[in-house]
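Let's go through this one by asking where each label comes from. Here is what we'll be looking at.

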Amino acid sequence: MAHPTQLGLQDAASPVMEELLHFHDHALMIVFLISTLVLYIIVAMVSTKLTNKYILDSQEIEIIWTILPAVVLILIALPSLRILYLMDEINDPHITIKAMGHQWYWSYEYTDYEDLGFDSYMIPTQDLTPGQFRLLEADHRMVVPLDSPVRVLVSAEDVLHSWAVPALGIKMDAVPGRLNQTAFITSRPGVFYGQCSEICGANHSFMPIVVEVVPLEHFENWSSFMLQDA
């Protein structure tokens, strides 16, 4: 959960998000070094009258500042491509959940169970209890087991939506008539919040996503209770 005055990203709750945080720090350090070098060159050019004809017109300098940016781009591109392929990996999921976007709420269907599904609406501000977050709490949370590969099938009933949970490193567009899929493994229990990340209409900011990660035993108890209640 993000907090006031937070400058960085949310703490990772999945291995993919940990990789994304490391890549963010890696790219930020490269940008910092480039910015420092450019600032130094600008200050040096403005503050001194000394010139060197070999620097002003030098084949060696031309080669260096052509090859160096190419090396920097490779250092950024290779980790980026690795994470991109990791995010697309879906290996033997233990559970599959279908998330369907509506105007303006989410519905979830646990496809491994015969009749386990529910709608998830935002809790109005006047109905919040102490400790709950405004515009982020939902009346039904998507509950998933800890340390288990989870596949999420994402689609929409009416307009474009986007199912996104920053702490899990997930953002998948929900397109009407199309079934997109993504997967994640949670590395710690907790409650993680997200919101629709596609401008889907008047109530776009009122369809939050709440993922609750619990141990497997608690998940089995929850699913049994939900099936009996249905």
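Q: What makes a set of residues the largest nonpolar core here, and which members touch the most others?
A: A nonpolar core is a set of buried Ala, Val, Leu, Ile, Met, Phe, Trp, Tyr and Cys residues joined through side-chain atoms within 4.5 Å, and buried means under 20% relative accessible area (1.4 Å probe, protein chains only). The largest such set has 35 residues, and Tyr108, Tyr110, Met142, Trp163 and Val211 touch the most other members. Among the elements that each supply at least two of its residues are strand 2 (105-110), strand 10 (208-214) and helix 4 (216-229); helices (H or I, at least four residues) and strands (E, at least two) are DSSP runs, numbered from the N terminus.

Q: How do you know how far to trust such details?
A: This is a predicted model, where local features need pLDDT of at least 70, side-chain atom pairs count only at pLDDT 80 or more, and totals for chains, interfaces and linings use all residues. Residues are numbered from 1 along each chain as its sequence is written, and side-chain values use heavy atoms, leaving out hydrogens and water.

Q: What does Val211 touch?
A: Contact means heavy atoms within 4.5 Å. Leaving aside residues up to four places away in sequence, Val211 touches Met142, Val144, Trp163, Val165, Leu168, Gly190, Val191 and Phe192.

Q: How much of residues 63-85 is helix?
A: Residues 63-85 are 100% helix and 0% strand. UniProt, in an unreviewed entry, places a "transmembrane region" there and at residues 27-51, though annotations may be inferred rather than shown by experiment. Residues 27-51 come out at 84% helix and 0% strand.

Methods: Buried means under 20% relative accessible area, exposed over 50%, partly exposed in between (1.4 Å probe, protein chains only).
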